[in-house]
Amino acid sequence: MADEITNDSERFSGSRKFVARPKICQFCADKNIKIDYKQTDMLRRFVTEDGKIRPRRQTGTCARHQRVLATAIKRARHIALLPFTGERWTDAIR
């Protein structure tokens, strides 16, 4: 019993592949942040390099704001403010 490791950082020393993000929705925490399809710099944080929308478990957003976020990203893609695919595919076409 005394030999057990109680600290999580010691148990996972070096085996983690990503940094754990806090599971609090930043849109719920700060009511002044609005999700708008025209704010491409904010929307790019929620899109991977391949152009996919990041899941809730990575971003920490709640379900309601994740749905609003996905709609805003899709609108921005539709009017060409955000690309549908990543940068490497656009370079290969040219």
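Helix 5 covers residues 63-78, 16 residues in total. From its first C-alpha to its last it reaches 23 Å, close to the 22 Å expected at 1.5 Å a residue. That expected span is 1.5 Å times one less than the number of residues. Helices here are DSSP runs of H or I with at least four residues, strands are runs of E with at least two, and both are numbered from the N terminus.

This is a predicted model, where local features need pLDDT of at least 70, side-chain atom pairs count only at pLDDT 80 or more, and totals for chains, interfaces and linings use all residues. Residues are numbered from 1 along each chain as its sequence is written, and side-chain values use heavy atoms, with hydrogens and water left out.

Which residues of helix 5 are buried? They are H65, Q66, L69, A70, A72, I73, A76 and R77. Buried means under 20% relative accessible area, exposed over 50%, and partly exposed in between (1.4 Å probe, protein chains only). Seen down the helix axis, the buried residues of helix 5 fall within an arc of 165 degrees, so they line one face. The arc is taken from the directions from the helix axis to the C-beta atoms. An α-helix has 3.6 residues a turn, so residues three or four places apart point the same way.

The face turned away from the buried side carries exposed R64, R67, K74 and H78. What covers the buried residues includes helix 2 (26-29), helix 3 (40-43) and helix 4 (56-59). After helix 5 comes A80, with a positive phi near 65 degrees.

Now to the core. The largest nonpolar core has 12 residues: C25, F27, I35, M42, L43, F46, V47, L69, A72, I73, A76 and L82. Such a core is a set of buried Ala, Val, Leu, Ile, Met, Phe, Trp, Tyr and Cys residues joined through side-chain atoms within 4.5 Å. Helix 3 and helix 5 are the elements that give two or more residues to it. Helix 5 supplies the largest share, 4 residues. Leaving out residues up to four places away in sequence, A72 touches I35, D36, Y37 and L43. Contact means heavy atoms within 4.5 Å.

Next, T59, which is found in helix 4. T59 is buried, with a relative accessible area of 15%. Setting aside neighbours within four places in sequence, T59 is in contact with F46, R54 and Q66.

Finally, the whole chain. The protein chain has 6 helices and 0 strands. Buried residues make up 22% of its 94 residues.
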